[in-house]
Amino acid sequence: MPIDPEYLHAVRQGPFPAYLYGRASRDPKKKGRSVNDQLKEGRTLCDKHGWPIVEEFKDLGISASRHARERRDDFETMLDGIRAGKCRIVVAFEASRYYRDLDAYTRLRKACHDSGTLLYYKGQVYDLSKSADRKATAMDAVHAESEAEDIRDRNLRTARLTAEAGKPWGPVPDGYKRVYDPDSGDLVEQVEHPDQGPVVRQIWADAAAGKSLRSTAARLNAENRRTQRGKPWEVWHLRTILRNPAYTGRRVFQGQDYKKGTWPALVEADVFESVQSLLDMEGRAWATDLTPTHLLSGIALCGEHPELAATTSEPVLRGYVNRGYPSLRCTERAHTTINEAKLTAYVKLALLDYLSTEAARDAFEAMDSDEEGAVARARLKGLEGQLREAEEAATTFDATGTPGLSIAMLNATELRLKPLIAAAQQAAKPRVVPAVVRALLTSKDPYALWEEYDLQQQRAVIRLCMTVRLHKASGPGVRSIQPGRVTIAYQGEPGFMGGLRRGRALPPDRESGLPGAL
């Protein structure tokens, strides 16, 4: 039977070096008993009974249930210390602080049993070498796990109801704030944050303009801007913002764009889709280049690898210095080399001439109309409807108790439909021409506008509009760009490997005067 801590010295010989453990699945600043309060109570207990504290452990904002997404590092360290015999008693506020999962309970019980360590919680000391104490703690562990499952079910139900109403849920996104009723504490609305809102709007504007995430983060930090939680901006944080449909005023539920939300949008839907196109670009150098100094480095490809011509592993050209001149060469073999200035000038002229043609405008306008996407979205709706019908049939029974669809058939249907649904979801994503390209297409002087773009924006435009391949020169010492040495595939043409993949193929008789192979 468990022992009252006041009588522990009467039945066991001391000393009792103690470990203290505290855990909270919520932020201590929010509702719930804070970890510091738990540890404070543990210190008071140890001081009262003369148990010297060896070490304290705490896991902040981490669940102890089987659904936990984060590892409890301090709990694991504490288990190692118990196994090593570094304490004689472990102290926590209640059983659910240690575990809300039977697996964690059995691991703690084994560690305490094997090392002869006592377990304290909720006013009682347990000796896990005794059958009665193991049974009592096991019952508490079952109760703690059941309570965790009940909490999760309530949270899921609340999340579902909130999603149906289009209301916000979870952490407040950067750029927004929430207004609560001062009396009831209930959420009233989510509105744009007066200070952070303009910062987030500028983040979207920079991304739509083709500026790299790293340069945007550097600018914000140089201006001493901070996230809503007071931390410096990092690339991953910007990417998280730019991937979140909530900024278009949409409610996301279970990872899917669910319905229109009740809060104001900070970005228009077409801008959102434009930025997604940029984020999806091959290589993603647009987002992560530190300080690029070469327009085509890492973008232009070596054309001497036909076996890799349709893959993303095709060797690229990188910058190097050849006899004092900046040059580009194949990363796999140095057989393909060219003066950087010559290739850059050639590609720039080809790109801007192409963007000045009606053919280019037609190709990108075809993306905006997105007829293929509309067909894919209709197909997606039909496939999802079939899956819902199958699930409903599996839970519908006739008068004899026979289900409309057996579990085996439901599993077979899911295995068949889910890959088709995933493919349709990918194809259904809208394709929008990014602003950084649209501005050049509609400009009266694309050459002047090009010079206003920074290097990252120029690199983004090249990735979105053309794929450049460099082939071997006809012989050693040839410095000019001979016919056929540089081949260019524009958006929508065979051989194009950019970020926007559903553009209509360009007509072969475009009037740019620049053939694809020179």
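# Worked exercises on a predicted model

R361 is partly exposed, at 22% relative accessible area. Here buried means under 20% relative accessible area, exposed means over 50%, and partly exposed is in between (1.4 Å probe, protein chains only).

This is a predicted model: local features need pLDDT of at least 70, side-chain atom pairs count only at pLDDT 80 or more, and totals for chains, interfaces and linings use all residues. Residues are numbered from 1 along each chain as its sequence is written, and side-chain values use heavy atoms, with hydrogens and water left out.

## Exercise 1: salt bridges

Which residue forms a salt bridge with R361? How many salt bridges does the whole structure hold?

Step 1. Apply the criterion to R361. The partner is E358, and the closest N and O atoms are 2.9 Å apart.

Step 2. E358 and R361 are three residues apart in helix α13 (residues 358-369), so about one helical turn separates them. Helices (H or I, at least four residues) and strands (E, at least two) are DSSP runs, numbered from the N terminus. An α-helix has 3.6 residues a turn, so residues three or four places apart point the same way.

Step 3. Search everything. The total is 16 salt bridges.

Step 4. Take a pair from separate elements. E6 and K48 meet through their side chains at 3.8 Å, N to O. E6 sits in the segment before α1 and K48 in helix α2 (residues 35-49), so this pair ties together parts 42 residues apart in sequence. K48 is exposed, at 60% relative accessibility.

Step 5. Check another pair. R225 and E223 form a salt bridge at 3.7 Å, N to O. R225 is partly exposed at 39%, and E223 is partly exposed at 41%.

## Exercise 2: from hairpin to next strand

In which sense do β11 and β12 pair, parallel or antiparallel? Which residue in β13 stands opposite L328?

Step 1. State the rule: two strands pair if DSSP finds at least two bridges between them.

Step 2. Count for β11 (317-322) and β12 (325-330). Six bridges join them in the antiparallel sense. R318 has R329 in β12 as its bridge partner.

Step 3. Look at the turn. The two strands form a hairpin with two residues between them, and R323 is in the turn.

Step 4. Move on to β13 (residues 337-339). It runs antiparallel to β12, with three bridges. L328 faces I338 there.

## Exercise 3: helix surroundings

How many residues of helix α18 are buried? At what angle do the axes of α3 and α5 cross?

Step 1. Count in α18 (residues 455-465). 10 of its 11 residues are buried, so the helix is largely enclosed by the rest of the structure. Among them are R459, V461, I462 and L464.

Step 2. Inspect the N-terminal end of α18. D454 caps it: a side-chain oxygen lies 3.1 Å from the backbone nitrogen of Q456.

Step 3. Compute the axes of α3 (residues 73-83) and α5. They come within 8 Å and cross at roughly 25 degrees. Axes are lines fitted to C-alpha atoms, for helices over the stretch in contact, and angles run from 0 to 180 degrees between N-to-C directions.

Step 4. Classify. Angles under 35 degrees count as roughly parallel, over 145 as roughly antiparallel, 65 to 115 as roughly perpendicular and the rest as oblique. The helices α3 and α5 are therefore roughly parallel.

Step 5. List contacts (heavy atoms within 4.5 Å). The α3 side includes F75, L79 and I82, and the α5 side includes L108, A111 and C112.

Conventions: Polar contact = N/O pair within 3.5 Å; in protein donor to acceptor, adjacent residues only side chain to side chain. Salt bridge = Lys/Arg side-chain N within 4 Å of Asp/Glu carboxyl O.
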